[in-house]
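Subject: A structure to look through

Hello,

Here is the structure I promised to pass on to you. Please open it beside this message, and then read on for what turned up in it.

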Amino acid sequence: PIRLGFVGLSTNGWASWLLAPPLLQEPLSSAYTLAAVSTSNATSAAKSAEHYSELAGNQVKAYHGTSTAIAADNELDMVAVSVKAPLHIETVMPIIEARKDLFIEWPAGRNLQETVALAEAAKRKGIRTMVGLQSRQSPALNKVRVIVESRVIGRVYSTTMVCPAGWSSSRPWILTVLHSSEYMADATNGAGVLGIPFGHTIDSVMFVLGPIASLTAVTKNQHPILHMVDIAGNPTGKTVEQTGVHQIALAGMLESGAVLGFHYRGGLEAMGGKAGKPLVWTIDGEKGTVLLEGDPESKVCGYINEDEPTLYLNGEKVVIAPDGKTNTGRAWAEFAKGPGGKYPTLDDAVQAKKIVDAVARSAEEGKRIAI
C-alpha cells in the first residue's frame with residue numbers, strides 16, 4: 001500500500017468531509033495506509049491522530065507546525081495537502097524537495113506563477129503529483145468526452161455554459177463570510193470565485209473539449225463589502241472588504257475551432273427547487289447536441305466536481321449506472337494504479353490557471369488574450 005501522510009487533515013473541515021473518507025474504506029483502504037497527519041498545532045494534531053488511528057485501524061503519527069517534519073518521514077511514500085491557498089507553496093515545497101509523491105487540493109497556489117513553480121519543482125524531483133480537480137472523474141463528463149471524441153455529434157461547432165456559484169454563508173461569493181474564511185475575500189489569495197469554483201469549472205470544459213486558444217472576458221465585483229458571521233450564521237457586526245469578482249462572462253475560441261460562451265454567476269444565494277440556479281451546459285455539433293444540467297434541488301448544482309449533472313444526448317436522457325463511488329474516491333483509485341492511472345496533475349493545474357490568469361488580464365486590460 002501507499003503510505004500516506006496528510007497535511008491539513010483534522011477532525012472537521014474540507015479534508016475530513018471530502019478527501020479522506022474514501023481512503024478509509026475498501027477497496028482504497030487496501031491501496032493506501034493513512035500513516036501520519038499534520039495540523040497547525042500539537043493539540044489538534046494529537047486529536048486528529050487519535051481519531052484517524054481508530055478509523056484506519058493502524059497507528060497514525062502526529063506532526064504539527066510546518067510541513068518539514070512530515071516531509072522528512074522516511075516511512076511515508078506520499079503526502080496530501082489540504083490547507084488554505086495562501087499556504088500552498090510554503091507547505092508543498094518541502095514535500096517536493098523530500099521527493100515524496102504529492103496530492104495538492106485545488107487551486108494549487110495563489111496564482112499562475114505559484115502553480116508553475118510547484119509544477120517545475122515536481123518535475124525536477126521526478127515525483128508524481130495529483131491535483132484536486134475532481135470533476136475529471138465525473139462519470140457524466142467522461143461519457144461526454146467519449147461522445148465528443150468519437151464524433152457521435154460530429155464536429156463541435158460551439159459550447160455554451162451558464163453556471164452558478166451559490167453557496168452557504170461560509171463562502172465569500174455571496175454577502176456574508178465566516179471569520180475563518182476571511183482570507184478568501186482578498187483576491188490576491190486566489191481563493192475567491194475566479195480562483196476556486198471558476199477554475200474547477202473551466203477545467204471541466206477543457207477536459208471534455210480540449211484547450212482554449214483565446215478569450216475575451218468581463219468580470220464584476222457585486223459585493224465589495226462582506227458581512228462577517230459566526231458559525232451559526234449570525235452577524236458579528238464586523239465587515240470586510242471583498243476584492244474578488246462574482247460575475248465572470250467570457251467569449252472564446254477553442255483550439256479545435258469551436259466557439260465558447262461562458263457565464264459564471266456568482267454573488268447569488270444558494271437555493272434549491274425552482275428558485276435554484278442550476279448549471280446548463282450545451283455542446284452543439286454538426287450531427288447533434290449534448291446537454292448537461294445540474295440538479296436544481298442541490299445547493300451545489302454549479303460545482304461539477306461535487307455534484308453529478310444529468311446528461312442528455314439529442315434530447316434523450318443518458319442513464320449512467322451509479323457505482324457508489326465519489327469523484328474523490330475515483331481519483332485516489334486512479335493514482336494508486338501508478339503512472340498509467342488517469343488523474344489530474346500539476347501540469348493540468350497550470351493549464352487551468354492560465355485561463356484564470358487570462359480572464360483576470362482580459363477583464364482588466366479590456367482586450368482579447370491568446371493563451
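Strands here are DSSP runs of E with at least two residues, and they are numbered from the N terminus. One of them is β3, which spans residues 61–64 and holds Ala62. Please keep in mind that this is a predicted model.

Let me stay with Ala62 for a moment. Its relative accessible area is 43%, so Ala62 counts as partly exposed. Setting aside residues up to four places away in sequence, Ala62 touches Val37, Ala45, Ala46 and Ala49. Asn41 is 21 residues from Ala62 along the chain, and the C-alpha atoms of the two are separated by 10.0 Å.

Ser138 gives another picture. You will find Ser138 in the loop between β6 (129–131) and α7. Is Ser138 buried or exposed? With a relative accessibility of 0%, Ser138 counts as buried, because the cut-off for buried is under 20%. Not counting residues up to four places away in sequence, Ser138 touches Glu308, Pro309 and Asn327. Asn327 lies 189 residues from Ser138 in sequence, yet their C-alpha atoms are 5.9 Å apart in space.

Next come two helices with a buried side.

In α5 (residues 88–97), the buried residues are His88, Thr91, Val92, Ile95 and Ile96. Why do they lie on the same side of α5? They cover an arc of only 125° around the axis, and that places them on the same side of the helix. As a general point, an α-helix has 3.6 residues a turn, so residues three or four places apart point the same way. The cover over the buried residues of α5 includes β1 (2–7), α4 (68–71), β4 (78–81), β5 (101–104) and α6 (112–125).

In α7 (139–149), Ala140, Leu141, Val144, Ile147 and Val148 are buried. Their arc around the axis is only 115°, which puts them on the same side of α7.

After α5 comes Arg99, with a positive phi near 60°. Arg99 sits in the loop between α5 and β5, and its relative accessibility of 52% means that Arg99 counts as exposed. After α7 comes Arg151, again with a positive phi near 60°, and Arg151 is in the loop between α7 and β7 (156–167). For background, most residues other than glycine have a negative phi, and most peptide bonds are trans.

One joins Glu26 and Pro27, with omega about 10°, and Pro27 lies in the loop between α1 (14–19) and α2 (28–31). Another runs from Trp106 to Pro107, with omega near 25°, and Pro107 lies in the loop between β5 and α6.

How do the helices pack? The axes of α5 and α6 come within 9 Å and cross at roughly 10°, which makes α5 roughly parallel to α6. On the α5 side, Ile89, Val92, Met93, Ile96 and Glu97 meet Glu114, Ala117, Leu118, Ala121, Ala122 and Lys125 of α6.

The pair α8 (residues 197–209) and α10 packs at an angle of about 115°, with axes 9 Å apart. These two helices are therefore roughly perpendicular to each other, and α8 passes α10 in a right-handed crossing. Here Phe198, Gly199, Ile202, Asp203 and Met206 in α8 meet Asp348, Gln351, Ala352, Ile355, Val356 and Val359 in α10.

In soluble globular proteins, nonpolar side chains tend to be buried together. The largest core in this model has 75 residues, and Phe198 and Trp281 touch the most other members of it. Helix α10 (residues 346–365) gives this core its largest share, eight residues. Beyond its neighbours within four places in sequence, Trp281 has contacts that include Leu141, Met161, Val205, Leu209, Leu292 and Ile304. A second, separate core has 23 residues, among them Ile2, Phe103, Met130 and Trp332.

Enjoy looking around, and write back with any questions.

Best wishes

Notes
Residues are numbered from 1 along each chain as its sequence is written. This is a predicted model: local features need pLDDT of at least 70, side-chain atom pairs count only at pLDDT 80 or more; totals for chains, interfaces and linings use all residues. Side-chain values use heavy atoms; hydrogens and water are left out. Buried means under 20% relative accessible area, exposed over 50%, partly exposed in between (1.4 Å probe, protein chains only). Helices (H or I, at least four residues) and strands (E, at least two) are DSSP runs, numbered from the N terminus. The arc is that of the directions from the helix axis to the C-beta atoms. Contact means heavy atoms within 4.5 Å. A nonpolar core is a set of buried Ala, Val, Leu, Ile, Met, Phe, Trp, Tyr and Cys residues joined through side-chain atoms within 4.5 Å. Axes are lines fitted to C-alpha atoms, for helices over the stretch in contact, and angles run from 0 to 180 degrees between N-to-C directions. Angles under 35 degrees count as roughly parallel, over 145 as roughly antiparallel, 65 to 115 as roughly perpendicular and the rest as oblique. A crossing is left-handed if the near helix is turned anticlockwise from the far one by less than a right angle, and right-handed if clockwise.
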